[in-house]
Amino acid sequence: MTSERNLKMTKTSKVLLFSSLGVLLASPTYAQTVPEHSVFVFNSLLFLIGGFLVMFMACGFCMLEAGLVRSKNTTMQLTKNISLFSLAAIGYYIIGYNLMYPLGNWSIEGYLSGFLVPFWDTAVLESVGIAADAADDLSYASTGSDYFFQLMFCAATASIVSGTVAERIKLWPFLLFTLLLTAIIYPLSASWTWGGGFLSEAGFSDFAGSTIVHSCGGWAALAGALVLGPRLGRYVDGKTIPMMGSNLPLATLGTFILWLGWFGFNGGSQLAMGSVGDIADVSRIFANTNAAAAGGVLAALVGSQLYYGKADLTMALNGALAGLVSITAEPLMPSLGAATLIGAVGGLIVVFSVPLLDRLKIDDVVGAIPVHLIAGIWGTLAVCLTNGDANIITQIFGIAVIGIFSFLASYLVWLLIDAFVGLRCSEEDELKGLDLAELGMESYPDFSTSK
């Protein structure tokens with residue numbers, strides 16, 4: 001009898017609970033306050049999830065590069081990757097964040113953001129346990145989540161450079177360049193679009209950074225490769241001598257991790273998740289990003305079979321990345337079919353750009369210049385194919401401005417570092433490997449045939 005009465009009471013309690021909840025949901029107070037707070041919460045959550053996915057791309061870059069260099073340089077590449085990520089975090093905090101987002105504090109309106117704001121006045125996070133009425137903007141997101149998300153993009157730009165200049169650059173000069181790239185060069189050029197600068201006013205469209213992030217890193221990498229010159233023995237008597245990576249399984253895993261991280265890179269760039277339309281758009285971006293990567297892989301695989309007579313794994317890996325870079329400028333508007341084709345063009349760019357660089361004797365160890373620079377340019381132009389608001393002249397203008405600035409600024413910094421510190425290791429050190437020469441460590445076992 002007692003258990004039966006308890007059961008009835010439980011049922012009654014549930015009815016009352018759901019009835020009360022229905023009244024609450026229908027009340028004007030709930031309708032006015034909860035959606036506003038939900039926008040803040042969900043947008044902040046999008047930035048945090050997107051940010052740690054982009055951070056995981058650092059792991060992908062690290063694995064890819066470590067797998068594509070020879071075993072005698074593996075530890076050096078690992079050291080560079082964890083160091084550059086940490087330097088990016090410090091440089092972006094002290095100088096870069098304020099340069100990239102001046103919030104009206106321009107030294108030259110729309111062109112040069114403020115240099116004089118001290119770092120303790122930038123990237124100021126919300127106080128602990130902040131109340132809703134004290135938040136800066138409940139219709140957007142928390143400062144901490146936005147800062148964290150943008151920092152990861154800055155670090156990704158530096159990772160692009162690392163692979164191109166591998167196997168012949170000394171550690172500390174490379175890290176000095178990384179600091180200047182992440183604190184000044186990238187944030188300043190990015191401010192012209194994402195900080196409300198003159199490119200934004202002109203209508204330049206680059207959703208998640210095919211040019212702003214990837215081409216910027218690609219131009220910096222190209223400048224470094226030109227100043228450094230090729231690796232010893234890379235070009236002999238007009239021939240390109242293959243120098244196979246030490247661990248292709250590691251490089252493949254790194255590519256998959258980059259593929260995964262790109263969902264945060266592009267999806268998070270929607271910058272909103274507080275409405276049905278926003279989350280549907282994020283879902284669409286995820287699907288298009290994946291389609292472009294798949295198109296890039298298959299195009300590179302078929303292209304290498306036709307061009308070289310054999311399918312090539314490294315081409316397929318870089319094809320995936322080129323497809324991802326290509327869709328980054330506009331991952332929202334294309335259909336799945338269009339996204340696949342845009343990515344496929346990126347994959348073909350890799351197949352034909354790699355031998356072109358070799359003919360020019362530009363030694364790019366991991367293929368970052370075709371993937372990030374050339375495919376980034378293509379992706380930014382391809383915006384006009386699916387986004388009716390984009391203008392081809394404006395797109396070319398934005399590509400040219402960011403490209404010229406990124407290349408010339410990087411080239412000058414590389415030259416100055418080379419003149420005052422020295423960039424390249426000695427021939428003896430290069431031959432025995434930077435693991436031993438720079439770090440005093442023996443090499444890992446080499447799974448390739450190239451020593």
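Modeller: The account below begins with the basis of the model and the chain as a whole, then turns to the helix pair and its surroundings.

This is a predicted model, in which local features need pLDDT of at least 70 and side-chain atom pairs count only at pLDDT 80 or more, whereas totals for chains, interfaces and linings use all residues. Residues are numbered from 1 along each chain as its sequence is written, and side-chain values use heavy atoms, with hydrogens and water left out.

The protein chain has 15 helices and four strands; these are DSSP runs numbered from the N terminus, helices being H or I with at least four residues and strands E with at least two. Of its 451 residues, 53% count as buried (buried is under 20% relative accessible area, exposed over 50%, partly exposed in between, with a 1.4 Å probe and protein chains only). Among contacts (heavy atoms within 4.5 Å) with a separation of 6 or more, 80% join residues 24 or more positions apart.

The pair in question consists of helix H9, residues 276-308, and helix H10, residues 313-328. Two packed helices are described by the angle between their axes and the distance between those axes. For H9 and H10 the angle is about 140° and the axes lie 7 Å apart; axes are lines fitted to C-alpha atoms, for helices over the stretch in contact, and angles run from 0 to 180 degrees between N-to-C directions. The two helices are therefore oblique to each other, since under 35 degrees counts as roughly parallel, over 145 as roughly antiparallel, 65 to 115 as roughly perpendicular and the rest as oblique. Their crossing is right-handed, the term used if the near helix is turned clockwise from the far one by less than a right angle, left-handed being anticlockwise.

H9 contributes Asn288, Thr289, Ala292, Ala293, Gly296, Val297, Ala300, Leu301, Ser304 and Tyr308 to the contact, while H10 contributes Met315, Ala316, Gly319, Ala320, Gly323, Leu324 and Ile327. By class, these residues comprise eleven nonpolar, six polar and no charged (Ala, Val, Leu, Ile, Met, Phe, Trp, Tyr, Cys and Pro count as nonpolar, Asp, Glu, Lys and Arg as charged, and the others, Gly among them, as polar).

Ala292, in helix H9, counts as buried because its relative accessibility is 0%.

Leu271 lies in the loop between helix H8 (248-267) and H9. At 33% relative accessibility, Leu271 counts as partly exposed. Most residues other than glycine have a negative phi. Leu271, not a glycine, has a positive phi of about 65°.
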